[in-house]
Amino acid sequence: MSIEVGAKLPGKVSGITNFGAFVDLGKGKTGLVHISEVSNGFVKDINEVLKVGDEVTVLVTAIGEDGKIGLSIRKAIDKPKEEKKEHSHKKPFNKNHNGRKENAPKQDFDALMSSFLKDSDDRLASLRRNTEGKRGGRGGRRS
C-alpha cells in the first residue's frame, strides 16, 4: 500500500522520544506519532503506552515537503460507538401550544429583571470588597 494522507498502515515502533514515537512503516519509511496522537486520553509518559517493537496501526495525517510523515494512532482506531453517542445526546425539543418550552419558568420580565439586578449588585459588592485593599503600588497615595 502506498503512503498517502488518510491511509491506515501497520507499523512497528522503532524509537521513542519524550515528544512521540517513531514508527517504521516498511520500505525504508519512518513516520512520527506525536505524543498527543497516541491515545484519546492524556499521556504524560509515552513509555507507559508504547514500547520499542510494538506493532501498531497508524493513520497517515500529513506528509511534509521534506518527506516527514505525520502519523496518528488514536485516529486510526475505528469508533462506531461515538457515532451513536453523537445522535443520542440530542434531546427532543418539546414545546407547548404557546411556543414556549414546557419546563421554562413562568416568571414575568419584571421578576427576572429584579433578580438579575440583585445578583449583579451582590457580585459588584463582592468584587469591590476583594479589590479595595489591593490597589496601590510604590509610594504613598496620590493627591
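**Contacts, core and charged pairs**

Analyst: Leaving aside neighbours within four places in sequence, valine 33 is in contact (heavy atoms within 4.5 Å) with Phe19, Gly20, Ala21, Val23, Val38, Val58, Leu71, Ser72 and Ile73. This is a predicted model, in which local features need pLDDT of at least 70, side-chain atom pairs count only at pLDDT 80 or more, and totals for chains, interfaces and linings use all residues. Residues are numbered from 1 along each chain as its sequence is written, and side-chain values use heavy atoms, with hydrogens and water left out.

User: How many residues does the largest nonpolar core have?

Analyst: A nonpolar core is a set of buried Ala, Val, Leu, Ile, Met, Phe, Trp, Tyr and Cys residues joined through side-chain atoms within 4.5 Å. In the largest one, the residues with the most contacts inside it include Val23, Val33 and Leu71. The elements giving two or more residues to this core are β1, β2 (20-26), β4 and β5; helices (H or I, at least four residues) and strands (E, at least two) are DSSP runs, numbered from the N terminus.

User: Is glutamate 37 buried or exposed?

Analyst: Glutamate 37 is placed in the loop between β3 (29-34) and β4 (55-63). Buried means under 20% relative accessible area, exposed over 50%, and partly exposed in between (1.4 Å probe, protein chains only). Because its relative accessible area is 14%, glutamate 37 counts as buried.

User: Which side chain does a polar contact of 2.6 Å join to that of glutamate 37?

Analyst: A polar contact is a pair of N or O atoms within 3.5 Å; within protein, one must be able to donate a hydrogen and the other to accept it, and residues adjacent in sequence count only if both atoms are side-chain atoms. Not counting residues up to four places away in sequence, glutamate 37 touches Leu71, Ser72, Ile73, Arg74 and Lys75. The side chain joined to glutamate 37 by the 2.6 Å polar contact is that of serine 72.

User: With which residue does arginine 74 form a salt bridge?

Analyst: Side chains of opposite charge can pair when their charged atoms come close. A salt bridge is a side-chain nitrogen of Lys or Arg within 4 Å of a carboxyl oxygen of Asp or Glu. At 25% relative accessibility, arginine 74 is partly exposed. With the closest N and O atoms 3.3 Å apart, its partner is glutamate 37.

User: How many residues apart in sequence are the parts that lysine 12 and glutamate 55 tie together?

Analyst: The side chains of lysine 12 and glutamate 55 meet in a salt bridge (3.7 Å, N to O). Lysine 12 lies in strand β1 (residues 8-17) and glutamate 55 in strand β4, so the pair ties together parts whose separation in sequence is 43 residues.

User: In which helix do aspartate 119 and arginine 123 lie?

Analyst: The side chains of aspartate 119 and arginine 123 meet in a salt bridge at 3.8 Å, N to O. Aspartate 119 is partly exposed at 40% relative accessible area, whereas arginine 123 is exposed at 60%. The two are 4 residues apart, about one helical turn, and the helix (residues 109-132) is α2.

User: What distance separates the C-alpha atoms of glycine 70 and leucine 59?

Analyst: Glycine 70 is found in strand β5. Leaving out residues up to four places away in sequence, glycine 70 touches Leu32, Leu59, Val60, Thr61 and Ala62. Glycine 70 and leucine 59 are 11 residues apart along the chain, and their C-alpha atoms are separated by 8.5 Å.
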